[in-house]
Amino acid sequence: MINTFGIPIIPADDNERLQALYHYNIIDADVKISFDNIAHIIADTFDVPIALISLVDKEEVIFKGNVGMTDVKKTSRGVSLCALAVLSDEVTVFENAKEETCLVSNPLVAGKFGLKFYAGAPLTTKDGYQIGTVCIVDKKARSFTHEQKRLLGRFSAMVMNEIELRLEASRTVLSYTETIEKQRNDLLAREAQLTLAQEMARMASWEWVFAEPTIQWSPEMYKFWGFEEGEVNVTLELVAQMTHPDDMGILEQAVAAVMEGQEVEIQYRRYDKNGKEIFIHTKTLIRKDSKGNPLSVFGIDMDISPLRAIQDDLQVQNHKLSQANSELASFNYIASHDLREPLRKIQTFSNRIADCELENFSEKSQFYFSRIINSAKRMEQLIESLLVFSRVSNISYSKSVPTDLNKIVSTVESLYSESITAKKAVIKSSKLPIIKGMPEQIEQVFSNLISNSLKYSKEGTPPLITINAEKIKKQYIGGPHLIFWKIDIQDNSIGFESMYEEKIFEVFQRLHAKTQYEGTGIGLAICKKIMQVHNGDIKAKGNPGQGALFTLYFPDIN
């Protein structure tokens, strides 16, 4: 680009000015009619032969409104006087261009075009950038008053406002177009989702206008019953033929009800094209006229055959469960009475013999007799543990009440005070929460865990039991709860191998010989069962020689 003015015409912020110009998308826009009309008004108002609305690009000046130079669409920025006008936010005026030093070499002034008068008001954006001009040109010199400058400035503001409005309108149109396209795509997506949902849910729709003999099926409905779309003419007679004979009464009552304007919801059996029996759930919606007379019925059919099969199987399982509960009740009775009675006699007579005759026994006989007494005692412990375990299985969480775990721990400490004192044990407990539970059962859990920590303590090392609480978010455990209280019970006992972390909660699982440590192997199984009944859980982590950690999860009651 050749600069014919002899002075700089590229401002320091020209890159920002150009960005402001391109922001309006006006350079290639079709605005000729509108801007030409404005140019005509300007030319008539100032009584000049040439009026222009220009945009100053990087190297060119583009005329978007043109009166008097219609054969010129654009010119070089280094030639057009508009390049000077955009350097100021005021109106630029040359009353006699031949007398201006910066214009003596300009071809429009010095050449045969013969420009003598120029007045240009900049098109100024809201951010203060001059992107073009509204200008008037004459080939004869003329004076230009202050009022005329103000008027030209107002024309410039009017054109800039037009540009702003066009940008806003184009954005609105684009936004509207994008919105329509988005809505169209959303509608297509919803239709596809609905079709997929209907297929996955094994359901389809239909409509019957009472004044017409046929029922309109959706495309999914034809697939539902095994037909090609349009293969059959759907009438009440066809529906009746497809209905299970034993369920005809249900269908007839439903048809009578909908024709009277009543919505129905029924379950009955029908056959598809291949004779397969399908158990369906039908729900209807009635459309009425302004007087409340029924016009048509819209319905949804859902294949509930798998659900019915599950319900039938559930009934069978419930019956089996009822039988199992009866058998468990019988077991509890037998364990409580029939098994205990002979055991009591064995223990009673054994104790009498021991009191009266034990000293007369040989050393070997005394050893065998003590084994009998110990075995009877262990049998009694096993029966008692099994009864506790079976009772836990039958307790109901609905009987739960707010339970203060601090009081539970205090009660258990009192219960084992002698053992705690004898072993110089220390129990450190932080502030524990109030949970929803059955106090007796929760006490059983803490009792079992603390007694285990005391029982399996390392010889020569005072037991240290630490109990801490933390509220956490946790995935589904045993109920619809998201927030849980996590209770950690850590000790410095002999611990156990990590491979047994799940196994120790099974019934009769012992990690040590019964001659080493007393117990039945049911205590932790009882803890697991109690925590499950409370919609919680219990986990264990062991480290041989380093101790054990048992973690309880209780649902938060708040």
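Helices (H or I, at least four residues) and strands (E, at least two) are taken here as DSSP runs, numbered from the N terminus. By that definition the chain has 15 helices and 18 strands. The model is predicted: local features need pLDDT of at least 70, side-chain atom pairs count only at pLDDT 80 or more, and totals for chains, interfaces and linings use all residues. Residues are numbered from 1 along each chain as its sequence is written, and side-chain values use heavy atoms, with hydrogens and water left out.

Of the 558 residues in the chain, 40% are buried; buried means under 20% relative accessible area, exposed over 50%, and partly exposed in between (1.4 Å probe, protein chains only). The chain exposes about 32,000 Å², and carbon and sulfur atoms supply 53% of this area. Accessible areas come from the Shrake-Rupley method with a 1.4 Å probe; for residues, only the protein chains shown count as cover. Among contacts (heavy atoms within 4.5 Å) with a separation of 6 or more, 63% join residues 24 or more positions apart.

Strands of a sheet pair through backbone hydrogen bonds, either parallel or antiparallel. Two strands are counted as paired if DSSP finds at least two bridges between them. An open sheet of five strands has the order 8-7-11-10-9, with antiparallel pairing. Strand 8 (216-217) and strand 9 stand at its edges; each has a single partner strand, so one side of each is left without a neighbour in the sheet. Strand 8 is joined to strand 7 by two antiparallel bridges, and Glu-207 stands opposite Gln-216 in strand 8. Strand 7 (residues 203-209) is also joined to strand 11 (residues 294-303), in the antiparallel sense, by seven bridges. Met-203 has Met-302 in strand 11 as its bridge partner.

Strand 11 pairs with strand 10 (residues 277-288) over nine antiparallel bridges. Within this pair, Thr-282 stands opposite Asp-301 in strand 11. The two strands form a hairpin with five residues between them, and Gly-292 in the turn has a positive phi of about 90°. His-281 is found in strand 10. The C-alpha atoms of His-281 and Ile-300 are 8.1 Å apart in space, and the two residues are 19 residues apart in sequence. Not counting residues up to four places away in sequence, His-281 touches Glu-265, Ile-266, Gln-267, Ile-300, Asp-301, Met-302 and Ile-304.

Cavities were identified on a 1 Å grid over the protein atoms alone, a cavity being a set of points where a 1.4 Å probe fits but cannot get out; lining residues have an atom within 4 Å of a point. Grid points are joined across faces, edges and corners, and a volume is the space filled by probe spheres set on the points. By this rule there is one cavity of 30 Å³ or more. The largest cavity has a volume of about 250 Å³. It is lined by 18 residues, of which Trp-206, Val-239, Leu-251, Val-255 and Tyr-268 are the closest to its centre. Two or more lining residues come from each of strand 7, helix 7 (236-242), helix 8 (248-259), strand 9 (265-271), strand 10 and strand 11. Helix 8 gives the most to the lining, with four residues.

A nonpolar core is a set of buried Ala, Val, Leu, Ile, Met, Phe, Trp, Tyr and Cys residues joined through side-chain atoms within 4.5 Å. The largest core has 35 residues, and those that touch the most other members are Leu-405, Phe-446, Leu-449, Ile-467, Phe-550, Leu-552 and Phe-554. Elements that give two or more residues to this core include helix 12 (405-415), helix 14 (439-455), strand 15 (464-473) and strand 18 (547-555). Helix 14 supplies the largest share, six residues. Beyond residues up to four places away in sequence, Phe-554 touches Leu-405, Ile-435, Ile-442, Phe-484, Trp-485, Ile-487 and Met-531. A second, separate core of 34 residues includes Ile-26, Phe-46, Ile-131 and Val-159.

Asn-448 is found in helix 14 and counts as buried because its relative accessibility is 12%. Leaving aside neighbours within four places in sequence, Asn-448 is in contact with Gly-523, Ile-526 and Cys-527.

Most residues other than glycine have a negative phi. Lys-424 has a positive phi near 55° and is found in the loop between helix 13 (417-422) and strand 13 (426-429). Asn-535, in the loop between helix 15 and strand 17, has a positive phi near 60°. Lys-424 is exposed, with a relative accessible area of 64%, whereas Asn-535 is buried, at 16%.

Terms used:
1 Å grid on protein atoms, 1.4 Å probe; cavity = no way out; pocket = protein on both sides within 12 Å on 5 of 7 lines; lining within 4 Å.
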